[in-house]
Amino acid sequence: MAAENEAAQHGMSAGEYISHHLTYFNGTGGKQQALIDWGVINYDTLFFSVVLAVLGGFVLWLAARRATAATPGRFVGAIEMLIEMVADQAKGLIHSAESRRFVAPLALTIFVWVFLMNAMDFLPLDLLPNLWAGAYAAAGHDPHHAYLRAVPTADINATMGMALTVLLICLYYNVKIKGLGGWAHELVSAPFGTSRNPLFALLLGFVNLAMQLIEFCAKTLSHGMRLFGNMFAGELIFMLIALMGATWTGLNAPSVFMWLGHIVAGFAWAVFHILVVTLQAFIFMMLTLVYVGQAHEGH
Amino acid sequence: MNLNATLIAQLVVFLLFVLFTMKFVWPPITKALDERARKITEGLAAADKAKTDLSLAEKRVGEELRRARESASDVRGAAEKQAAQIVDEARTQAAAIVAAAREAAEDEAAAVSQRAKEELRAQVAQLAVSGAERILRREINAQVHAELLSNLKQELS
């Protein structure tokens, strides 16, 4: 077990092991101190998300290049099934065919990308960090400070970045479909309506605007936080499972028991995680479609 | 969970990936799917058309076959009739020939018997004359009595 090796090698406590695994490679040589620091960038999140975007884009492009009206092969057929699934969902939620030309590919991108980023959880927990630590040591640095997190969607920056993009797209469609005036009118008149009495109209306007702003914030936050929370928790549980094997002290009953527990729990959680990975990618895609669809509809 | 500039970078990467998908992935695949759907619809329509064409052709073949059978039986009937006619004609012709032959034979037989009768008559007359000569010898002059003999001959015929 890799976790056990690393813990043994570095003589880490369980807390140190988990904390080490939860620290990003951000160029500062440790944890980010401030809650929000725009001068810091998580290279690992960025690297893996870009690599996976390129990989996913390449696979999709391969299928697109080989797609013809003739009988498709298995690979092209699989990608086509995916695209038909996304196209059906988009058709059900967004009624403007012109918007779908952008939003349907957007949904496909989200599904593929989020799925790939989530699926990084399936790699052995210590595989990439250990390789990175080896490379770091080979480059003459202290391997104790070689931090690496392989699952981009367990980084709130990645999920909130995507959720904010979706928010921007929603705002764009609000303005595009309803016009700037129409949307401004909706902001102060929905969901509670307005009144003929100017005083009440003003009051309702404030309440409506507040509701709308809360709605946008809540939608975006829940969108990004849901994915982050699920993947972060999943990763954390993989770490805890890895710690069971890390308690190995030699061939004795407790060690063997924990080692078996590691295998059983690790297998069970990995299997369950197949569902979580796919489902979260699907949910992120569906919420995007729902939000963009709402931007098309007047209240 | 600390926010930092990764968020902005992720936003940019996301948009780039979406643009890539929108430009290079989505249109060719959906185009191929639509094209295939169109082809399948056309194929089904063609199959339907072929089926109706086939049944029409089968109907026409049956019709032709029936007509051919009819005309064949017509031809056979005509041929039989003609054959019977030919046989009839041959039969009447043969009968006519036979009748003619019989008539000719009868005519000839009649002529022969006539001739025989005449010869016989002539001989009877001569015999009668010679008999009478023997009986009468000198009393009868042949030249004197020639008229008498000729009359006798006339009477015998």
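Select Leu287(A) and, with neighbours up to four places away in sequence set aside, display the residues it touches, which are His223(A) and Arg226(A). This is a predicted model, and the distances and areas given along the way are computed from it. Colouring by secondary structure places Leu287(A) in helix H9 of chain A, which covers residues 253–296. Is Leu287(A) buried or exposed? Its relative accessible area is 18%, and because the cut-off for buried is under 20%, Leu287(A) counts as buried.

Next, select Asn26(A), which sits in the loop of chain A that runs between helix H2 (14–21) and strand S1 (36–37). Although placed in a loop, Asn26(A) is buried, with a relative accessible area of 6%. To see what surrounds it, show the contacts of Asn26(A) beyond four places in sequence: Lys31(A) and Gln32(A), together with the run Val40(A), Ile41(A), Asn42(A) and Tyr43(A).

Now bring both chains into view and select the interface, where 54 residues of chain A are in contact with 30 residues of chain B. About 3700 Å² is buried between the two chains, and carbon and sulfur atoms contribute 77% of that area. On the chain B side, highlight Phe14(B), Phe17(B) and Trp26(B), which lose the most area to chain A and together account for 20% of what that side buries. How many salt bridges does the rule find across this interface? There is one; to inspect a salt bridge, select Glu80(A) and Arg36(B), whose closest N and O atoms are 2.8 Å apart.

The last stop is the largest pocket, which holds about 530 Å³ of space. Of its 23 lining residues, centre the view on those closest to the middle of the pocket, namely Arg100(A), Arg101(A), Ala104(A), Trp26(B) and Thr30(B). Then show the helices that each supply at least two lining residues: H4 (74–93), H5 (97–119) and H7 (156–189) of chain A, and H1 (6–136) of chain B. The largest share, eight residues, belongs to H1(B). Colouring the lining by residue class gives twelve nonpolar, nine charged and two polar residues.

Note on methods: Residues are numbered from 1 along each chain as its sequence is written. Chains are lettered from A and ligands numbered from 1 in the order in which they are written. This is a predicted model: local features need pLDDT of at least 70, side-chain atom pairs count only at pLDDT 80 or more; totals for chains, interfaces and linings use all residues. Side-chain values use heavy atoms; hydrogens and water are left out. Helices (H or I, at least four residues) and strands (E, at least two) are DSSP runs, numbered from the N terminus. Buried means under 20% relative accessible area, exposed over 50%, partly exposed in between (1.4 Å probe, protein chains only). Contact means heavy atoms within 4.5 Å. On a 1 Å grid over the protein atoms alone, a cavity is a set of points where a 1.4 Å probe fits but cannot get out, and a pocket is an open set with protein on both sides within 12 Å along at least five of seven lines; lining residues have an atom within 4 Å of a point. Grid points are joined across faces, edges and corners, and a volume is the space filled by probe spheres set on the points. Ala, Val, Leu, Ile, Met, Phe, Trp, Tyr, Cys and Pro count as nonpolar, Asp, Glu, Lys and Arg as charged, and the others, Gly among them, as polar. Buried area is the accessible area (1.4 Å probe) that two parts lose on being put together, summed over both. A salt bridge is a side-chain nitrogen of Lys or Arg within 4 Å of a carboxyl oxygen of Asp or Glu.
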